[in-house]
Amino acid sequence: MPRRANYDSFESDTDAENEANRNAGWMKNPVWIIFYIGAVLGFTFLVYILTDENKPLTATITVVSHGLITWFSLHYRTGTELGGVEDTLIEYDGLTFWQQLDGGYAFTFNKKILTLLPLALFFATLYVLLGEFPDQEQKKDFQKWLAPNVVVTLLCTIPKVFGKSGKAD
């Protein structure tokens with residue numbers, strides 16, 4: 001496992017990797033976090049209005065939609081869509097976006113955000129479901145709503161935590 005001398009050299013390593021690969025390079029700008037969270041909140045608000053203010057349905061649609069979209073775009077699709085330095089394009093063909101992000105290093109700031117938001121959505125959904133189904137008689141309804149949220153959250157987070165990250169830390 002290679003050792004880094006200090007945090008600054010690590011940041012310059014990930015920045016250099018992101019410069020070479022434009023597919024993941026746009027995430028070095030922190031504005032993507034505001035856009036990402038705003039898009040999720042906007043989608044949730046739209047679904048809330050369209051479902052006649054049904055909180056469990058809104059929360060479940062948000063978690064399932066977010067989970068499936070991020071799983072496909074981060075962990076399934078390979079290659080580069082936006083291109084990069086010409087001699088490195090072939091290098092990224094077999095890698096998913098998650099593996100390309102931040103030069104493949106694990107537990108970077110970007111990867112932490114992309115791991116924590118699905119978990120935050122899941123816990124917000126759990127809070128909504130516990131508020132809607134507080135009684136023991138409604139336990140079957142609670143489980144019915146909880147099951148798809150658990151499955152999709154696991155589908156979305158397991159590849160991030162235990163999956164191949166590309167490079168060793």
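**View 1. Ile158, a partly exposed residue on H7.** With a relative accessibility of 42%, Ile158 falls into the partly exposed class, because that class sits between the under 20% of buried residues and the over 50% of exposed ones. Ile158 is part of helix H7. Bear in mind that this is a predicted model.

**View 2. The bend in H7.** Look at Leu146 here: H7 bends by about 30° at this residue. A proline, Pro148, comes along within four residues. As for length, the 24 residues of H7 should span 34 Å at 1.5 Å a residue, and the end C-alpha atoms sit 32 Å apart, which agrees.

**View 3. The buried side of the story for H7.** Phe142, Trp145, Leu146, Asn149, Val152, Thr153, Cys156, Thr157 and Lys160 are the buried residues in H7. So Leu146, where the helix bends, is also on the buried list, being under 20% relative accessible area. The packing partners of the buried H7 residues are H4, H5 and H6.

View 4. Buried residues in H6 include Asn110, Lys111, Pro118 and Phe122, along with Leu114, Leu117, Leu121 and Leu129. Thr115 and Thr125 are buried too. The buried H6 residues pack against H3 (31–50), H4 (55–76), H5 (97–100) and H7 (139–162).

Notes:
Residues numbered from 1 in each chain as written. Predicted model: local features only at pLDDT ≥ 70, side-chain atom pairs only at ≥ 80, totals over all residues. Heavy atoms only, no water. Buried < 20%, exposed > 50% of the residue type's maximum accessible area, 1.4 Å probe, protein only. Helix = DSSP H or I, 4+ residues; strand = E, 2+ residues; numbered from the N terminus. Contact = heavy atoms within 4.5 Å. Expected span 1.5 Å × (residues − 1). Bend = angle between axes of the 7 residues up to and from the residue.
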